[in-house]
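Student: Hey, can you walk me through this one? I'd like to look at a few spots in it.

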Amino acid sequence: MNESVLIGNAEKFLDGIRHNWIKAEEINDFQSFIDIYMYLKNNLEELLELRDTMEIKGYKTPYRSLMKYGRTPKSEMKVEDMYDVNKHTQYFRMNAAAKKNILDRVKSAIASHKIALGHLEEFAVLSCADCNGKFTGHELSNFIDGNCSCGSSDIKLEINQQGVYRLEIIKYLPLSGEYMVKMSELSPMGREAFRTIVRILKHEKRGVVTTLSLVIKVFEDGRWVRKRVNIDAKDQMNYEREIRHEHGSNARIEFMQFHRKKPSIINDKHVQTALSIGYVKLAESRARKVFNQILDNIIIDLDKLQIYDETVKKAKKMAIKMVEDVYDREHIQDELIHDMLFKENLMDKQGKLNSKLKIDIESRKQLERQLFVEVPRIMILWDIVKCYLSTSYDRRSKYSGPFPNLRPNLDSNQIKAFDDFDQNVVNILRDYMNENIVYVYDIKNLLSKKFEMENKMKGLHVKTNSNAAGAVLLNTTGNIPIDVAAHIFSVDPKDVKFERNKFETFGKPQTKKAKKFLEMIKG
């Protein structure tokens, strides 16, 4: 396919996605769910095919072809030739930029579609009336063209109460790959929240050695020869023995360089960006709905605050009409605000604000920061924590869920990214935004215990109820009452108690023979 045609087709396809507005939060039955699910799934398949075609055609490194148009011995060229070379170079640079930009958009769209599908899969439990099968998560791929794998079309939709999902986030994702446009639409505080979330998701694991570069000396044909070799790193590997095994007993290592891999919490920059945009925009939308309600409950004098706001607006308009220069305008604006507030008895001659008004202004600033910066951060971190606590290591390794490319486990360095939540913000989320959330002291310890428990159970084939196990950790490590912990994970308190008893006896001998055997080993 011609390059310009490929780019044109990709742009046309992405623009079609942009104009098709999705409202996943309005899903109320199987048909409305499967329509959106299949639309996104088909889009993803098309996008993956576009990405593969582009990468095969060299769109991943489009500027490499320009290397031959680099430095030219211009002193030996005629003016006409130099003009032609510069013109051709400019054309190829524009072409390379177009390739890079369209591939970037396609990759962003792929990341957004994966996130959207992950949230839909967490939301739905589909039950087939004919084969009595129940499907959730990755199992939804069994439904082809809206029918069960058994061929039945009699499907019912139930909401998965134990899933980690936010259907409202889908409409805010850059599904058409235009993440730069979405970022430009963020408010100043939204941009700050966006940067904060991206920094958290980019938190890297301590370096894991993946490969080694070695310089070795080998005795060949009566003389010593230096060679460069690369080998894959393995646990507890004797590198010298490995080199001698491959290159003879005379081989000696002269130089060794370790190459480390540092995977992030979410190891894909486009997924990081899409998730950050989605959560910030969702939190901003919800915060605006409750802002005035919360403000009314915390300020001292609403009338004085309204007079102050009107005064500032009026002073700005007057200053714009009076002065053109920006710096002079700010000075005039401050003088106008001072005079107007003085007349309203809200400021003295020295420019000191009324004490109650000053407290209200500071309270509003603090509330704005809590709602537009802290709320999105806590929302995404809480969802990630719940995702870790309510799933097994195997499931996180095999299936992406609502957070594609999420690391199946975290090391101590990555856990540091999970700062403790502000309790006031948690209360706002619970009381005003109806979030099923609870304040947990030392959330890092909660995650550490989860990964520690999984390491102990590795290879033992012990069956656990993942959601009940998450509630147990919330109860024992987070000091949350069992009933509250069970409600957070939508499980029966009896199941939580059963799972807790299992953990308490974990590793202890349960039978007389087992106890006797343990005593014999101890000697």
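This is a predicted model: local features need pLDDT of at least 70, side-chain atom pairs count only at pLDDT 80 or more; totals for chains, interfaces and linings use all residues.

Student: Okay, helix α2 to start. How far apart are its end C-alpha atoms, and what should its residues span?

Tutor: Helix α2 covers residues 30-56, which is 27 residues, and at 1.5 Å a residue they should span 39 Å. The end C-alpha atoms are 39 Å apart, so the two values agree.

Student: Which residues of α2 are buried?

Tutor: Quite a list! Among them are Phe30, Phe33, Ile34, Tyr37, Leu40, Leu44 and Met54. Asn43 is buried in α2 too.

Student: And what follows α2?

Tutor: Glycine 58 follows α2, and its phi is positive, near 90°.

Student: Switching topic: how many cavities of 30 Å³ or more does the structure hold?

Tutor: One. The largest cavity has about 40 Å³ of space in it.

Student: How does anyone find empty space like that?

Tutor: You roll a probe the size of a water molecule over the atoms, and that shows where empty space is left.

Student: Now serine 390. Where is it, and is it buried or exposed?

Tutor: Serine 390 sits in the loop between α10 (355-389) and α11 (393-398). Its relative accessibility is 10%, and buried means under 20%, so serine 390 counts as buried.

Student: What does serine 390 have contact with?

Tutor: Leaving aside neighbours within four places in sequence, serine 390 is in contact with Val164, Ser466, Asn467 and Phe489. A polar atom of the serine 390 side chain also lies 2.6 Å from the backbone oxygen of lysine 386.

Student: Back to phi. Which residue other than glycine has a positive value near 65°?

Tutor: That's asparagine 345, found in the loop between α9 (326-343) and α10. Asparagine 345 counts as exposed because its relative accessibility is 64%.

Student: And what about serine 490, what's its phi?

Tutor: Serine 490 has a positive phi near 55°, and this serine 490 is in the loop between α16 (482-488) and α17 (493-504). With 29% relative accessibility, serine 490 counts as partly exposed.

Terms used
Residues are numbered from 1 along each chain as its sequence is written. Side-chain values use heavy atoms; hydrogens and water are left out. Helices (H or I, at least four residues) and strands (E, at least two) are DSSP runs, numbered from the N terminus. The expected span of a helix is 1.5 Å times one less than its number of residues. Buried means under 20% relative accessible area, exposed over 50%, partly exposed in between (1.4 Å probe, protein chains only). On a 1 Å grid over the protein atoms alone, a cavity is a set of points where a 1.4 Å probe fits but cannot get out, and a pocket is an open set with protein on both sides within 12 Å along at least five of seven lines; lining residues have an atom within 4 Å of a point. Grid points are joined across faces, edges and corners, and a volume is the space filled by probe spheres set on the points. A polar contact is a pair of N or O atoms within 3.5 Å; within protein, one must be able to donate a hydrogen and the other to accept it, and residues adjacent in sequence count only if both atoms are side-chain atoms. Contact means heavy atoms within 4.5 Å.
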